[in-house]
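Please look over the structure below before you read on, and keep it in view while you work through the points.

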Amino acid sequence: MSIFAIAVLVFALVTLWKGIVTVPQGKEYTVERFGKYRATFTPGLHWMIPYVDGIGRKLSMMEQVLDVPSQEVITKDNAMVGVDGVVFFQVLDAPKAAYEVQNLEVAVMQLTMTNLRTVMGAMDLDELLSQRDHINARLLNVIDGATTPWGLKVTRVEIKDIRPPADLVASMGRQMKAEREKRANILDAEGFRQAAILKAEGERNAEILAAEAQKISAVLEAEGRKEAAFRDAEARERSAQAEAEATRVVSEAIRNGDVQAINYFVALKYVDALGKIATSPNEKLVLMPLEAASVIGAIGGIAELAKKAAGK
């Protein structure tokens, strides 16, 4: 009896232990009764009927990452490229994820690879290399729509690497080098053009300044000539006034019967003629009579006339 009681007690303890279920955070368990889905256990402590109920699937409700293996894709312009990527998804409905699809991760992987070839195969290589964000958005839209019946939410699809063929990479490198050389030549030409423009503007400004300087110099020169002419005219005017005054004085003296005034005019003309003969450029000897006594008398008459004028 004691052995039987112990066996019953052990059975009861085992049964009690099998009926207690602890679900960790971030997971959900499906409960099956005789193989049929009955309920879903969320994180925490739960109780189920042993031998009648059982745990069906243990699903992670956290966001998961699948690494898409590298594969070859033929683009629209018949270029063979290697592509790999990653997929981020999260289970939102545990029963659907457990019973709507067999091997959830494999299904998501195959669906991603298939749509990756479809989307990228409809694009040219240049679009493939320059529109990675557009590819990611299209893949996300297609895969998320296909996995919604499985109780999943695809949060992100990222293309990690796109590898064109080696010969194509070399050709692209040459093309890029040619484009850079073209831009460098254009910049050089623009620099030369700008330098020529600046040089022409500098020469034009220099010519303008030179013309302005010549204009100012001409104005100053004209002002100088004007001033010199004015002073010459003034000098001639004063000389003429002095000559007129001398003539007036001599004329008045002659009118008054002064013989010395007549001698003044004769001596003046005489000296004038001698000066012209002396300054003549002709290289020749001139013989002419010269009465020294008459000249001296005329000069004496001039002196006498000057004394009389000073006395008055």
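Two residues are said to be in contact, or to touch, when heavy atoms of theirs lie within 4.5 Å of each other. The model you are looking at is a predicted one, and every value quoted here is computed from it.

**The chain as a whole**

- The protein has 312 residues, of which 24% count as buried, and its secondary structure comes to 8 helices and 8 strands.
- If you take the contacts between residues at least 6 apart in sequence, 62% of them join residues at least 24 apart.
- The protein exposes about 21,700 Å² of accessible area, and carbon and sulfur atoms supply 60% of this.

- Strands of a sheet pair through backbone hydrogen bonds, and the pairing may be either parallel or antiparallel.
- Here, 3 strands form an open sheet in the order 3-2-5, with antiparallel pairing.
- Strand 3 (36-41) and strand 5 (53-60) stand at the edges and have a single partner strand each, so one side of each is left without a neighbour in the sheet.
- From one strand to the next, the twist of this sheet averages 30°.
- Strand 2, which covers residues 27-33, is joined to strand 5 by 6 bridges, and the two run antiparallel; within this part of the sheet, Glu 28 stands opposite Leu 59 in strand 5.

**The hairpin of strands 6 and 7**

- Strand 6 (residues 64-74) and strand 7 (residues 80-91) pair in the antiparallel sense over 9 bridges, and Asp 67 stands opposite Val 86 in strand 7.
- The hairpin made by strand 6 and strand 7 has 5 residues between the strands, and Asn 78 takes a positive phi near 65° in it.
- Asn 78 lies in the loop between strand 6 and strand 7, and it is exposed because its relative accessible area is 67%, where the cut-off for exposed is over 50%.

- Most residues other than glycine have a negative phi, which gives a reason to look at exceptions.
- Asn 103 is such a case, with a positive phi near 60° in a residue other than glycine.
- Asn 103 has its place in the loop between helix 2 (94-99) and helix 3, and with a relative accessible area of 45% it is partly exposed.

**Salt bridges**

- Side chains of opposite charge can pair when their charged atoms come close.
- How many salt bridges does the count come to? The count comes to 10 salt bridges.
- Asp 84 forms a salt bridge with Arg 163, and the closest N and O atoms of the two are 3.6 Å apart.
- This pair links distant parts of the chain, since Asp 84 is in strand 7 and Arg 163 is in strand 8 (residues 152-163), 79 residues apart.
- At 15% relative accessibility Asp 84 counts as buried, whereas Arg 163, at 31%, counts as partly exposed.
- The side chains of Arg 156 and Glu 158 meet in a salt bridge of 2.7 Å, N to O; Arg 156 is partly exposed with a relative accessible area of 46%, and Glu 158 is partly exposed with 24%.
- Arg 231 and Glu 227 form a salt bridge whose closest N and O atoms are 3.2 Å apart, and both residues lie in helix 6 (residues 166-255), 4 residues apart, which is about one turn of the helix.
- Arg 231 counts as exposed at 52% relative accessibility, while Glu 227 is partly exposed, with a relative accessible area of 37%.
- Arg 33, Arg 38 and Asp 53 are linked in a network of salt bridges.

Technical notes: Residues are numbered from 1 along each chain as its sequence is written. This is a predicted model: local features need pLDDT of at least 70, side-chain atom pairs count only at pLDDT 80 or more; totals for chains, interfaces and linings use all residues. Side-chain values use heavy atoms; hydrogens and water are left out. Two strands pair if DSSP finds at least two bridges between them. Axes are lines fitted to C-alpha atoms, for helices over the stretch in contact, and angles run from 0 to 180 degrees between N-to-C directions. Buried means under 20% relative accessible area, exposed over 50%, partly exposed in between (1.4 Å probe, protein chains only). Accessible areas come from the Shrake-Rupley method with a 1.4 Å probe; for residues, only the protein chains shown count as cover. A salt bridge is a side-chain nitrogen of Lys or Arg within 4 Å of a carboxyl oxygen of Asp or Glu.
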